[in-house]
Amino acid sequence: LEARNVALEEAVRARTEELEQELKVARALAAETRRGHEWALLGDSVAVRALREHILAQSKTVEPALLGGDDGAGQESVARAIHERSARAEAPFLVLDCAALAAQPVAADGREPTAAVREMAEAASSGTLYLAYADLLSAPQQEYLTELVRAQQAAVASGRALDSDVRLIAYVAGDLGAAMGSGYLNAVLGSVLGRNRVTVPALAERREDLPALAGHVLEERGRALGRGQLSFTPRALERLRDHDWPGNLRELVQTVEAAVRRSKGTTVDIEEPLSGQWRSVGGYRLTALVGSGGMGEVWRAEHALLKRAAAVKLTRKLPGTNRNRQQELESRFRREAEVTAALQSPHTVQLFDFGVTDDGAFYYVMELLEGLSLAQLQREVGALRPARAAHLVAQACLSLAEAHARGLVHRDIKPDNLFACRMGAEADFVKVLDFGIVKVVDDGDETLTKHGRVMGTPAYIAPESVMGGDVGPAADLYALGCVLFRLVTGVPVFDQTGGAMALLAAHTNEAPRLPSSLAPNAVPPELDRVILQLLEKEPAHRPASALALRDALLAVPFDTPWTEREAQAWWKARDEAATRVAGA
């Protein structure tokens, strides 16, 4: 017995030593991970000092939090820093890439799976779950998180133990209000997250930190490549300081890495001015970031030889995305490129080229448009004059008429995808963008658009799409009705505060309000009738075609028509206002 006890004690001691060693290794790995992320917080600028204070304040609460700021500014690093400084530091910190999750096929019965989100929340119990691009989660996934937060709040209020003690920190690309207003983000979830907001400063707002940040990347890349101690030339430092950094920390890392690869010896130079030089694709130099989101980026670009201006749309190479998901995402962009290239209407954005970059990102090159989306237009001026709204939508009908004649359905018509610009001598010229989730009618291969999923934006989606029925050209006309309603009234067709699921239910069951009862400008009865016909639940009750809708809009008698002269005057006044602001 004594010998058995001695043997047992020895086994316990050996196992304890093994566990202690494993714990030591785990802590070392955690510390290395922390150092690998917290370099983004280096520096002593006013902006980064304020950020550290916000991080400290957020580390003392368990309430959900929302990170804002330009994409690529280091939001994940901030989320990790909040976790590491909190009482939850020893518990898991997990990252859910909602952009990658959005590329997953959904269940055949049409319901989006919540399993992936639920499993991540459970795995992060007692710790923190960081939701990157939370607005890209499906409506059911967001509803699950909303119920999770509600349950946590109810438990705290009643003094009960939490069933799921996980803290949520999310990042939403762009404006929170816009994400909620468009139906991308559950209104309840967005409002709860928005109570604790931390804006992560862009790199351009913390230029004093550039030497420390660039120096850290240089040191790390030199060590990883076995190059020893590296240093920047004075010219390289000058160009780093002078650059605008539209791509934020992500661009800084890529710029330094590219410079290290090109350099020899221990000094690293940047041979050309950075503007437009840090990346090029397909013979085009990227010169300025126009916009970005969870799925990709749009850049202003210039052809290296022809000097022709263009816009380049890039997918984002999603970390951790398996081959099938990445192929599906690239297939969507390839389909958009092929479809857009086949369309010839001047009211459809023109495509110049498309392909795949060396690092696997899909891109296409299109005409560069100077103007603003109808969503931006309405944010600037509020509800539009009904005559102007009808004029803009009538032009979109010409693009859709050609697409429908070719057997194509856009399926995501919304103000963000209708662009107003000047084209030649014309003003208020409309271009239809983003055929990325287009459906080919009667095409036997619907793998890109079917999967039983609801495609489109909830505020502009047709009832037949919500119900999983046959989606044809009439769905695009319904969406145009939603757009026209919003342009004329300044508000969406249906209330969006109840979240995406309630909004989808309203499209299928609720009757729309009379536009003239909400619009600040007089709406002719004929336009009321056109809009309500577009919003009919039954596709067969809507206008017969996009061209029929255009004819109906052109026939509406307006007391004050919108003329080309007024359009030219509006654009000229807008240019002059922008010039005054720039010169202030």
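This is a predicted model: local features need pLDDT of at least 70, side-chain atom pairs count only at pLDDT 80 or more; totals for chains, interfaces and linings use all residues.
Residues are numbered from 1 along each chain as its sequence is written, and side-chain values use heavy atoms, with hydrogens and water left out.

View 1. (Strands are DSSP runs of E, at least two residues, and helices are runs of H or I, at least four, all numbered from the N terminus; two strands pair if DSSP finds at least two bridges between them.) Look for M423, which stands opposite E426 in strand 17. Two residues lie between the strands of this hairpin, and G424 in the turn has a positive phi of about 65°. Six of the seven residues of strand 17 (residues 426–432) are buried, so the rest of the structure largely encloses it. (Buried means under 20% relative accessible area with a 1.4 Å probe, counting protein chains only.)

**View 2. Y133 meets Y171.** Searching the whole structure turns up two aromatic pairs. In the one shown here, the ring centres of Y133 and Y171 are 5.5 Å apart and the planes sit at 65°, so this pair is edge-to-face. (Rings of Phe, Tyr and Trp, the last by its six-membered ring, pair if their centres lie within 6.5 Å; planes over 60 degrees apart count as edge-to-face.) Y133 belongs to the loop between strand 3 (128–132) and helix 6 (139–158), while Y171 is in strand 4 (residues 167–171), 38 residues apart. Y133 is buried at 9% relative accessible area, and Y171 is buried too, at 2%.

View 3. W570 is buried at 19% relative accessible area, and W571 is buried at 2%. The charged end of R388 sits over the ring of W570, 4.3 Å from its centre. (That calls for NZ of Lys or CZ of Arg within 6 Å of the ring centre and within 35 degrees of the ring normal.)

**View 4. R206, tucked into a loop.** R206 lies in the loop between strand 5 (197–199) and helix 9 (210–224). With 1% relative accessibility, R206 counts as buried. Leaving out residues up to four places away in sequence, R206 touches residues including L41, L42, V48 and L213. (Contact means heavy atoms within 4.5 Å.) A polar atom of the R206 side chain lies 2.7 Å from the backbone oxygen of L42.

How values were computed. Buried means under 20% relative accessible area, exposed over 50%, partly exposed in between (1.4 Å probe, protein chains only). Rings of Phe, Tyr and Trp (its six-membered ring) pair if their centres lie within 6.5 Å; planes under 30 degrees apart count as stacked, over 60 as edge-to-face and the rest as tilted. A polar contact is a pair of N or O atoms within 3.5 Å; within protein, one must be able to donate a hydrogen and the other to accept it, and residues adjacent in sequence count only if both atoms are side-chain atoms.
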